[in-house]
Amino acid sequence: MTFLARRIGLYLVTAWAAITINFFIPRMMPGNPAEIVFSRLSANGIVTPAMYKALVVAFGLNTHSSLLAQYGQYWVQLFHGNLGTSITYYPTSVASVIATALPWTLALVGVATILSFVIGTTIGTVAGWRRGGWLETLLPTTTFLQAMPYFCLGLVLVEYLGVKLNWFPVNGGYAQGDVIGFNGAFLASAAYHAFLPGLTIVVTSMAAWIVGMRNMTVTTLGQDYVLVAQAKGLSRRRVMITYAARNAILPSFSSFVVALSLVVTGSVLVEYAFSYPGIGYVLFQAVDNEDYPLMQAVFLIITLSVLVANLLADFAYVLLDPRARQEA
Amino acid sequence: MALSSSTTPASQNTLTVITAPAIQGRRLPRLSLKITIGLVLLGIFVLMAIIGPIVAPYDPSAIGPDVLAAPSAAHLLGTTNNGQDVLSELLVGSRATIVVAFVAGALATVLSVIFGVTSGYLAGSARGELLNMLSNIVLVLPLFPLLVVLTAFLPNASAWIVAVVIALVGWAWGARVLRATTLALRNQDFVQAARAVGERTWRIILFEILPNEIAVVAASFLFTLIAAIILYTGLIFLGLGNTNEWSWGLILYWAQNEEALTVGAWWWFIPASACTALLGCSIGLIGFGIDEFINPRLRAAGLSRKELRTMSMNQGLTPVYRDGARS
């Protein structure tokens, strides 16, 4: 289990690094974001003492305490879940803005990542297995999809499948008038609305899985154990799945962090293009309104979610690779 | 970064292949079709970035009388809602996009070599492990949101600053691949010989190890280029960075803000998207070619379907054809 312990240690250090970066960014940058935030907040209405305190701690506004003391206070606020007050959604607290948006993104991005992984890996295996087949000749086109700006595909889908053909809704996470809750009608509506954004993420992020898996399958096919399996007379299907694919898939898990980064980037832009009520859209709103507290909190939440996702990938890796389990 | 999982396997399996050409001779292999197409396309875009602003028929910011005009002889790619010429915007905007990509790509590659090769060579020592941990942390941090937050605090940051920021957050993937390659190289005889002779560490890294990793460095540079293009375009599209400097992202930003597709102005939106995708595609094709050079098993072009089938099905050993004989 040292493998997992090491990974968890790395993620803890990364979480600490992200939180510390978040603390230092507003203090290192030129200009005075604290002034902007303070004047924006005052323009919105009364700044309560609690809000003021959060602002002081987050941005080092009007403070005479040392950097170290500020850093300590920052952690205390963080542990109380006090991330400040949003300017965009005044007077809602940043924490509750994020709590509303997070489930949407987790559902959309979670399902899209899994679908993209499953579809991409399957196509990659088949392409690598059938050398010279039509799938393989299509490989270079995947770079085109990958390099295409996500929002471009998104906006084209919105225009043609959404507006022109009117098959799918073009914005929002659910129909107006829907009551949010865990019932069949609402979930169906949510899934219907998530279809186009999800499709965009899957199509643009799939290429990385396809190419990686195809290359690994091709490399694995040259190994002796695959030759032995074929010589034993096992069925082609069995050789492909339990001998070639099973081994070829391992690097996909260790490079999961890399592919996930693509999905996260894509989903931020895609949520914006579809006005999807998730974290990415909130991030855009925050940027648009110079809402620094909200922006930073969104960055923290995304980082923590990415860390958890990577941890899950590591668990899957340990399940699949006996070597990672035995390594002591 | 993300785009580059294709080179991961190659770098883990084929060190003998990497070292062989560097040692045996200076003979360069014939360029594959993929590399040729990629290089030609990339050349066209680089040319566009160099002469684009000079040959642009109009001032891209100049407001004209033809509003939202479809492509015609006067405006080859039509106009925007302010009567600006889309072709001129595209030509002028190519420079910023390509400069940012290359500056960010070059800087990130230098960083990934410093961190990756050094941490691989020094693996096991405290310094090496520290460098490795640093690159692992940067690798796990979500790139785009971090970039958004950093740029948001730098209002109207010029393209140069954005390029530097992209490089600062985007070097980690290349470092990881280079570390893996270096780990396998560092116990090879020629490196041990250099160590025994008493060469300095930096000299061993630069002159013994690095020349054998050129293909891996090139692959990671190319994928950083694609990443930089996507990140830069995405940032500008969100309205971050300098929104007075023409780039393809800015064309898309305005097209989105003015709802170009809703009013049916596809000529406003499609060219910049297509150019971005084609530029990325050309770089990706060169990357594919380099992958095949590093790991010849991946080669498929030039072999007929039947040959490939025989190759993978009936023989466990994949024959690697000499360059020149095929492909």
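## The interface of chains A and B

In this predicted model, chain B and chain A bury about 6200 Å² between them, 75% of it on carbon and sulfur atoms; buried area is the accessible area (1.4 Å probe) that two parts lose on being put together, summed over both. The contact (heavy atoms within 4.5 Å) takes 67 residues from chain B and 70 residues from chain A.

Across this interface, zero salt bridges are found between chain B and chain A, a salt bridge being a side-chain nitrogen of Lys or Arg within 4 Å of a carboxyl oxygen of Asp or Glu. By class, the side of chain B that touches chain A has 41 nonpolar, 19 polar and seven charged residues. Here Ala, Val, Leu, Ile, Met, Phe, Trp, Tyr, Cys and Pro count as nonpolar, Asp, Glu, Lys and Arg as charged, and the others, Gly among them, as polar.

## A helix pair in chain A

Helix H1 (residues 2-28) and helix H15 (residues 292-320) of chain A have axes that come within 10 Å and cross at roughly 170 degrees. H1(A) is therefore roughly antiparallel to H15(A), a term for angles over 145 degrees. Helices are DSSP runs (H or I, at least four residues), numbered from the N terminus. Axes are lines fitted to C-alpha atoms, over the stretch in contact, and angles run from 0 to 180 degrees between N-to-C directions.

Residues of H1(A) in this contact include A:Phe3, A:Leu4 and A:Arg7, and those of H15(A) include A:Tyr317 and A:Val318. The contact of H1(A) with H15(A) has 17 nonpolar, five polar and two charged residues.

## Basis

Residues are numbered from 1 along each chain as its sequence is written, and chains are lettered from A and ligands numbered from 1 in the order in which they are written. In this predicted model local features need pLDDT of at least 70, side-chain atom pairs count only at pLDDT 80 or more, and totals for chains, interfaces and linings use all residues, while side-chain values use heavy atoms, with hydrogens and water left out.

Technical notes:
Helix = DSSP H or I, 4+ residues; strand = E, 2+ residues; numbered from the N terminus. Parallel < 35°, antiparallel > 145°, perpendicular 65-115°, else oblique.
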